[in-house]
Amino acid sequence: MRNRINTLLEKLLLVIMTVMLISVIWQVVSRYLLGSPSTLTDEIASFSLIWLGLYGAAYATGKELHLAIDLIPASTIEKAPIFFTGLVAFAIVLFAVCVMVVGGINLCYLTFLLAQKSAALEIPLGWIYSAVPISGMLITYFSLDIFFERRNQLKKANGLH
């Protein structure tokens with residue numbers, strides 16, 4: 001399942017990058033060659049960048065390519081690898097659920113409730129912000145899936161069931 005979601009995310013990220021690239025190129029062409037800058041391309045590029053960052057973070061989590069800072073010595077982790085793997089997964093899931101999923105849903109709800117729209121494109125901002133809770137759910141799923149996979153590998157390596 002994780003591979004299917006990552007493949008879908010990969011394709012989505014390629015589309016977002018392409019849209020962003022085309023909008024930025026058109027902005028440059030319309031500004032410098034045509035002398036009349038496009039009003040839509042700035043928002044398209046901004047929204048694409050938001051989505052690229054959020055869905056890119058979920059993709060990196062699913063591929064286990066996310067940035068990690070080692071604060072605990074490796075010798076300590078080797079003594080209780082399942083515990084520390086669980087601790088990392090718990091921290092990621094806690095952040096993703098509390099901040100991204102719950103906070104993102106509240107953000108979307110509020111922007112839909114207030115009927116906020118983007119200035120140039122006139123689309124509801126709730127649709128733009130929906131990337132926050134969706135990517136939070138994906139990060140949560142990936143983190144839990146990776147934890148259970150690692151836990152099972154560690155148990156098999158140690159002869160536990």
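Predicted model: local features only at pLDDT ≥ 70, side-chain atom pairs only at ≥ 80, totals over all residues.
Residues are numbered from 1 along each chain as its sequence is written, and side-chain values use heavy atoms, with hydrogens and water left out.

Start with helix H1, which covers residues 2–33. Helices here are DSSP runs of H or I with at least four residues, strands are runs of E with at least two, and both are numbered from the N terminus. The expected span of a helix is 1.5 Å times one less than its number of residues. After H1 comes Gly35, whose phi is positive, near 75°.

Which residues of H1 are buried? Buried means under 20% relative accessible area, exposed means over 50%, and partly exposed is in between, with a 1.4 Å probe and protein chains only. The buried residues in H1 are Arg2, Ile5, Asn6, Leu9, Leu13, Ile16, Met20, Ser23, Gln27 and Ser30. Helix H2 (41–62) and helix H6 (131–157) are included in what covers them, where contact means heavy atoms within 4.5 Å.

Trp26 also lies in helix H1, but Trp26 is partly exposed, with a relative accessible area of 42%. It belongs to a nonpolar patch on the surface, formed by Val24, Trp26, Val28, Tyr32, Leu33 and Leu34. Patches are made of residues with over 30% relative accessible area and no salt bridge; like charges are joined within 9 Å, and nonpolar side chains (Val, Leu, Ile, Met, Phe, Trp, Tyr) within 5 Å. Together the six residues named have about 690 Å² of accessible area, a value from the Shrake-Rupley method with a 1.4 Å probe, for which only the protein chains shown count as cover for residues.

Between H1 and H2 there is a loop, and Thr39 is found in it. Thr39 counts as exposed, at 59% relative accessibility. In sequence Thr39 is twelve residues from Gln27, and in space the two are 8.5 Å apart, C-alpha to C-alpha.

The loop between H2 and helix H3 (74–79) holds Glu64. The phi of Glu64 is positive, near 55°, although the residue is not a glycine. Glu122 sits in the loop between helix H4 (81–113) and helix H5 (125–129).

Side chains of opposite charge can pair when their charged atoms come close. A salt bridge is counted when a side-chain nitrogen of Lys or Arg is within 4 Å of a carboxyl oxygen of Asp or Glu. How many salt bridges does the structure hold? There are four.

One of them joins Glu64 to Arg2, with the closest N and O atoms 3.8 Å apart. This pair links distant parts of the chain, the H2–H3 loop and helix H1, 62 residues apart. Arg2 is buried, at a relative accessible area of 12%, whereas Glu64 is partly exposed, at 31%. Arg2 meets Glu149 in a salt bridge too, at 3.5 Å from N to O. Because Arg2 lies in helix H1 and Glu149 in helix H6, this pair ties together parts that are 147 residues apart in sequence. Glu149 counts as partly exposed, at 35% relative accessibility.

Glu64 forms a salt bridge with Arg150 as well, and here the closest N and O atoms are 2.4 Å apart. Arg150 is in helix H6, 86 residues from Glu64 in its loop. Arg150 is partly exposed, with a relative accessible area of 37%. Arg2, Glu64, Asp145, Glu149 and Arg150 are linked in a network of salt bridges.

Last come the cysteines. A disulfide is a covalent bond between the sulfur atoms of two cysteines. The rule used here asks for a pair of cysteine sulfur atoms within 2.5 Å, and by this rule the count is zero. Cys98 is in no disulfide; the nearest cysteine sulfur, that of Cys108, is 17 Å away. Cys98 is partly exposed, with a relative accessible area of 44%, while Cys108 counts as buried, at 8%.
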